[in-house]
Amino acid sequence: MARRKKDGRRCKGIQAKRGYLYIVISLTTLKDGMRKNEKKWIATGLSDTPENVKKAAEARINILNAESYKLDQDMSLSEYIDYYLSIKKNNVADTTYASYYYQAKRIKEYFGNTKLKSINIKLAKKFLDDLFVVYHLQMHTAKDTKVFFSGALEQARNDGLISYNPIKELKLNKNYAAEYAALKNTDDTFFSYDEANLFLQRTQDNELYVVFYLTIFFGLRREEVLGLKWSAIDFETKTMRINHTVTKGTKVNRLNKTKTEYSNRSYPLSDEQINLFKDLLNKEQQYRKLFGDCYQDNDYIFKHEDGSLYYPDYPSKTFRALLKTIPELPQGVVFHNLRSSCVSILVHEGHDVKSIQKWVGHADIDTTLRIYAKVKDKEVKEEISRSMSEKIHLKNNK
């Protein structure tokens with residue numbers, strides 16, 4: 001009796017198992033921008049012989065031609081957006097991909113099961129208008145969504161699924177943006193010198209006080225202050241190096257790099273700040289002894305008492321909760337605006353724009369100039385108000 005051949009591959013897409021042949025098709029499914037590879041085994045009922053291997057291979061080709069495992073013109077826009085996301089995921093940083101994910105989610109929710117080939121100029125324009133009318137987005141967010149959507153449709157055009165990109169030449173409606181976008185007080189997005197000091201004074205007993213202090217003093221980004229390690233503090237030369245970041249995209253990313261090359265910078269530390277870091281190090285050593293084997297060992301400076309690392313959103317949520325307890329302060333400020341608050345203080349103290357840019361690590365001086373202009377505008381208005389109040393008086397109603 002002839003010995004049965006070993007199980008295994010016979011040719012591309014044909015596998016033998018227990019003396020019979022199976023057609024194996026690799027499927028790529030897309031869900032929320034995540035590409036998932038699966039294998040589908042189809043029994044042929046053919047015994048494992050060279051002649052039947054050829055028959056199975058031909059059957060596999062027929063199946064591939066009959067069933068669509070590739071892009072086709074009848075697919076929905078949502079399906080294609082998922083495909084486009086899977087392409088972008090391999091080419092951008094995780095934090096950038098996270099922003100693409102939410103832009104894609106909005107597009108998919110809006111269009112539902114609408115076919116890709118059905119998207120025309122009328123539908124595209126209605127969507128862009130509704131970014132303001134329905135979603136009340138700010139102009140910069142609407143622009144990002146439009147760029148992403150246009151990129152997806154341009155890729156679909158290149159794939160031969162649509163004949164033209166209907167959104168490419170459309171403009172965002174500035175009148176709708178002014179009428180429907182959520183109101184945002186631009187004077188309410190940073191602390192002044194006095195406001196920053198009041199905030200620090202009221203929060204000095206909070207566990208994140210030093211995080212707030214360093215963020216305001218050095219104009220750090222959230223990912224930079226959370227990325228501070230003990231290896232970044234040089235007690236001998238009294239310097240602090242910004243060279244590691246902690247970001248949140250679709251996951252938490254801990255990277256030995258900064259947002260831009262300009263963000264990779266060092267700062268001189270005062271004796272007071274050196275003592276501050278020494279106190280933090282001393283506390284950490286005490287916690288290590290207290291928690292013993294339960295302590296989660298790592299080199300990060302800012303973390304919970306047991307050594308477990310802060311989740312990136314933790315400082316932002318804590319800041320928001322603390323701000324509500326100080327009604328005297330502008331309530332529109334968010335944690336990231338502490339960086340702008342640093343610029344505000346530096347402008348107040350008379351430092352020039354170029355020096356401020358280098359201090360906070362802005363890659364583009366235009367960013368510094370925009371904040372500089374806002375601060376100056378706010379200070380001028382406050383000064384005029386004080387001056388006019390001294391000159392123009394209300395009648396005495398008593």
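This note sets out numbered points on the structure shown above.

1. Basis. The model is predicted: local features require pLDDT of at least 70 and side-chain atom pairs count only at pLDDT 80 or more, whereas totals for chains, interfaces and linings use all residues. Residues are numbered from 1 along each chain as its sequence is written, and side-chain values use heavy atoms, leaving out hydrogens and water.

2. Overall form. The protein chain contains 14 helices and 9 strands, taken as DSSP runs numbered from the N terminus (helices H or I, at least four residues; strands E, at least two). Its radius of gyration is 30 Å, whereas a compact globule of 398 residues would have one near 21 Å; the value is taken over C-alpha atoms, and the globule rule is 2.2 Å times the number of residues to the power 0.38. The C-alpha trace spans about 110 × 60 × 40 Å along its principal axes.

3. Burial. Of the 398 residues in the protein chain, 40% are buried (buried is under 20% relative accessible area, exposed over 50%, partly exposed in between; 1.4 Å probe, protein chains only).

4. Salt bridges. The structure holds 19 salt bridges, each a side-chain nitrogen of Lys or Arg within 4 Å of a carboxyl oxygen of Asp or Glu. One of them pairs lysine 117 with aspartate 74, with the closest N and O atoms 3.5 Å apart. Lysine 117 lies in the loop between helix H3 (94-111) and helix H4 (121-133), and aspartate 74 in the loop between helix H1 (50-66) and helix H2 (77-89), so this pair ties together parts 43 residues apart in sequence. Aspartate 74 is partly exposed, at 42% relative accessibility.

5. A pair within a helix. Glutamate 154 and arginine 157 form a salt bridge with the closest N and O atoms 2.8 Å apart. The two are 3 residues apart in helix H5 (residues 139-158), a separation of about one helical turn. Glutamate 154 is buried at 18% relative accessible area, while arginine 157 is partly exposed at 35%.

6. A buried pair. Arginine 221 forms a salt bridge with glutamate 224, the closest N and O atoms being 2.7 Å apart, and both residues are buried.

7. Cysteines. The whole structure contains 0 disulfides, defined as pairs of cysteine sulfur atoms within 2.5 Å. Cysteine 11 is partly exposed at 23% relative accessibility, and cysteine 294 is exposed at 59%.
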